[in-house]
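Q: Please take a close look at the aromatic rings in this predicted model. Which rings pair up, and where do they sit in the chain?

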Amino acid sequence: MPEQQDTRAITFEKWWNVRDLGGLPTRDGGTTRHGVLLRAAGPGYASPADVDRARRLGLTTFVDLRRPDHDPDWRDAAPGVTVLDADLVSGLRSPREEITAENLLRFLLDGGREAIAEAIRTITTAARRSAPVVFHCHTGKDRTGLIAIVVLSLASVPEEAIIEDYLASNPGFE
């Protein structure tokens with residue numbers, strides 16, 4: 001059987017890993033709503049054509065899961081664009097071990113529960129005010145993936161679909 005193409009992926013020239021969380025099945029037989037929440041890599045990778053496409057798609061509200069000291073990007077000077085910070089890692093404490101990409105999720109789950117809850121509040125509040133909301137970290141994989149897992153779990157998406165969404169970020173990272 002041929003592999004099904006991810007129709008939730010939104011293709012850009014240089015901004016990658018952008019996916020709509022809409023269209024996933026829920027346990028009650030429904031589906032998550034399209035055009036409300038999008039997960040992505042950092043928009044700083046976007047080319048001018050990508051920026052134009054993002055504007056045409058109405059992507060003007062972003063929740064940034066990175067540390068606040070990241071480099072500025074096109075959104076900082078764009079009229080009508082809102083960027084909300086929801087830093088997941090600055091408050092983590094690791095007295096014996098350096099936080100790396102390999103152990104980040106463990107540290108977030110062990111010591112970042114309050115930051116995760118605050119990020120979810122920020123995202124849901126923004127979505128109620130001005131959907132769609134794009135939430136992202138650097139590559140759109142670990143921090144973004146964790147937040148997507150929590151959001152989809154709260155939306156009663158079955159575990160298999162959540163895992164499939166998480167793994168859809170892997171191509172290009174192996």
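A: Start with a definition. A residue is buried under 20% relative accessible area and exposed over 50%; in between, it is partly exposed. Trp-16 has 30% relative accessibility, so Trp-16 is partly exposed. Tyr-45 also has a relative accessible area of 30%, so Tyr-45 is partly exposed.

Now the pairs. Rings pair if their centres lie within 6.5 Å. By this rule there are four aromatic pairs in the predicted model. One of them joins Trp-16 and Tyr-45. Their centres are 4.3 Å apart, with 45° between the planes. That makes the pair tilted. Trp-16 sits in the segment before strand S1 (19-20). Tyr-45 sits in the loop between strand S2 (37-40) and helix H1 (48-56). The two are 29 residues apart, so this pair links distant parts of the chain.

Turn next to Phe-62 and Trp-74. Their ring centres are 5.9 Å apart and their planes meet at 85°, so this pair is edge-to-face. Phe-62 belongs to strand S3 (residues 61-64). Trp-74 lies in the loop between S3 and strand S4 (82-85). The pair therefore ties together parts that are twelve residues apart in sequence. Both Phe-62 and Trp-74 are buried.

Ring pairs link Phe-62 and Trp-74 with Phe-12 and Trp-15 into a cluster.

Charged side chains come in here too. Arg-75 lies over the face of Phe-62, 5.0 Å from the ring centre. Arg-53 lies over the face of Phe-12, at 5.2 Å from the ring centre.

Methods:
Residues are numbered from 1 along each chain as its sequence is written. This is a predicted model: local features need pLDDT of at least 70, side-chain atom pairs count only at pLDDT 80 or more; totals for chains, interfaces and linings use all residues. Side-chain values use heavy atoms; hydrogens and water are left out. Rings of Phe, Tyr and Trp (its six-membered ring) pair if their centres lie within 6.5 Å; planes under 30 degrees apart count as stacked, over 60 as edge-to-face and the rest as tilted. Helices (H or I, at least four residues) and strands (E, at least two) are DSSP runs, numbered from the N terminus. Buried means under 20% relative accessible area, exposed over 50%, partly exposed in between (1.4 Å probe, protein chains only). A charge sits over a ring if NZ of Lys or CZ of Arg is within 6 Å of the ring centre and within 35 degrees of the ring normal.
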